[in-house]
Amino acid sequence: MTATIVAHPTTASAVPDATVRTSVRVPLSFADGYATEADVMTFMGLVDGKEHLLLGLGDWRGALETARAGGEAPLMRPHSECLTGDVFGSERCDCGPQVREAVERIAETGGFLAYLRQEGRGIGLYAKLDAYALQDTGLDTYEANRAVGHADDERDYSMVAQMLGAVGADRVRLLSNNPDKASQLEDLGVHVEAQVPTGVHLTAANARYLAAKRDVTGHLLELA
Ligand SMILES: [Zn+2]
């Protein structure tokens, strides 16, 4: 009798290996009073040499064991740094409420938040603010990025695949409304078992921004 080897649909060899460099326990406390703890991990060998982080939230080790035993994959969100939204609560985007929501939802089931140092969809902080100035003249978020000499979205998720590989997560449930994140991760060898939508954080100040995300790049957003 011959054993049948069932190949995984994708392999993790699409990106070079990275290893965990440090892991430190950090208590998190948000402005609305929600608190939890994260295992904040740093890495060696990330492809772009930037200081990206992986936050292990809730019982993430248990979630990995469940996945290895054939159960549900851990919940994971790649979140790209947004200084204005994450730190100062800018209402021009929905990044602050999204990261806040993601931390709690991931902590509930055990999983990961990848915090990526690619500000402004990868164009950088100053260019993002230049693009904001152009948006005030009527361009949408993508048109403004092109007007300052960049692509609609310059983000690359290779380091997410590397960080997940380093902790032994080869499949995830992706907490995101962005179909591009799912297809990039699949191409990089991370099996996206499900795409779990985030809440819609609509304000008067970010309504045009969210509408452009929905209409231009196919984000799964239901705006009233
Ligand atoms: Zn933002």
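Val160 makes contact (heavy atoms within 4.5 Å) with Met76, Pro78, Ala114, Leu116 and Leu185, once residues up to four places away in sequence are set aside. This is a predicted model, in which local features need pLDDT of at least 70 and side-chain atom pairs count only at pLDDT 80 or more, while totals for chains, interfaces and linings use all residues. Residues are numbered from 1 along each chain as its sequence is written, and side-chain values use heavy atoms, with hydrogens and water left out.

Val160 also turns up in the largest nonpolar core, a set of 27 residues in which Leu54, Met76, Phe112, Val160, Met163, Leu164 and Leu185 touch the most other members. A core here is a set of buried Ala, Val, Leu, Ile, Met, Phe, Trp, Tyr and Cys residues joined through side-chain atoms within 4.5 Å. Buried stands for under 20% relative accessible area, exposed for over 50%, and partly exposed for anything in between (1.4 Å probe, protein chains only). At least two residues of this core come from each of β2 (35-44), α1 (60-68), β5 (111-116), α6 (158-167), β6 (171-175) and α7 (179-187). The helices (H or I, at least four residues) and strands (E, at least two) are DSSP runs, numbered from the N terminus. The top contributor is α6, with 6 residues. There is also a second, separate core of 15 residues, with Ala38, Leu55, Val103 and Ile106 among them.

As for α7, its buried residues include Lys181, Ala182, Gln184 and Leu185, and their cover includes β4 (75-80), α6, β6 and β7 (191-196). At the N-terminal end of α7 sits a cap, Asn178, with a side-chain oxygen 2.9 Å from the backbone nitrogen of Asp180. After α7 comes Gly189, with a positive phi near 100°.

Then there is Gly110, in the loop between α3 and β5. Gly110 is buried, at a relative accessible area of 2%. Neighbours within four places in sequence aside, Gly110 is in contact with Leu57, Gly58, Asp59, Trp60, Ala63, Pro74 and Leu75.

On a 1 Å grid over the protein atoms alone, a cavity is a set of points where a 1.4 Å probe fits but cannot get out; a pocket is an open set with protein on both sides within 12 Å along at least five of seven lines, and lining residues have an atom within 4 Å of a point. The largest pocket holds about 540 Å³ of space. Its lining takes in 26 residues, and Phe30, Asp86, Gly96, Val99 and Arg100 lie nearest the centre. Helix α3 gives the most to this lining, with 5 residues.

The structure has 1 cavity of 30 Å³ or more, and the volume of the largest cavity is about 370 Å³. Of the 28 residues lining the largest cavity, Cys95, Arg121, Arg155, Tyr209 and Lys213 lie nearest its centre. Two or more lining residues come from each of β4, α3, α4, α5 (141-147) and α8 (207-217). The largest share, 4 residues, belongs to α4.

Most residues other than glycine have a negative phi. Arg121 is also buried, with a relative accessible area of 10%.

Notes. Points joined across faces, edges and corners; volume = space filled by probe spheres on them. Polar contact = N/O pair within 3.5 Å; in protein donor to acceptor, adjacent residues only side chain to side chain.
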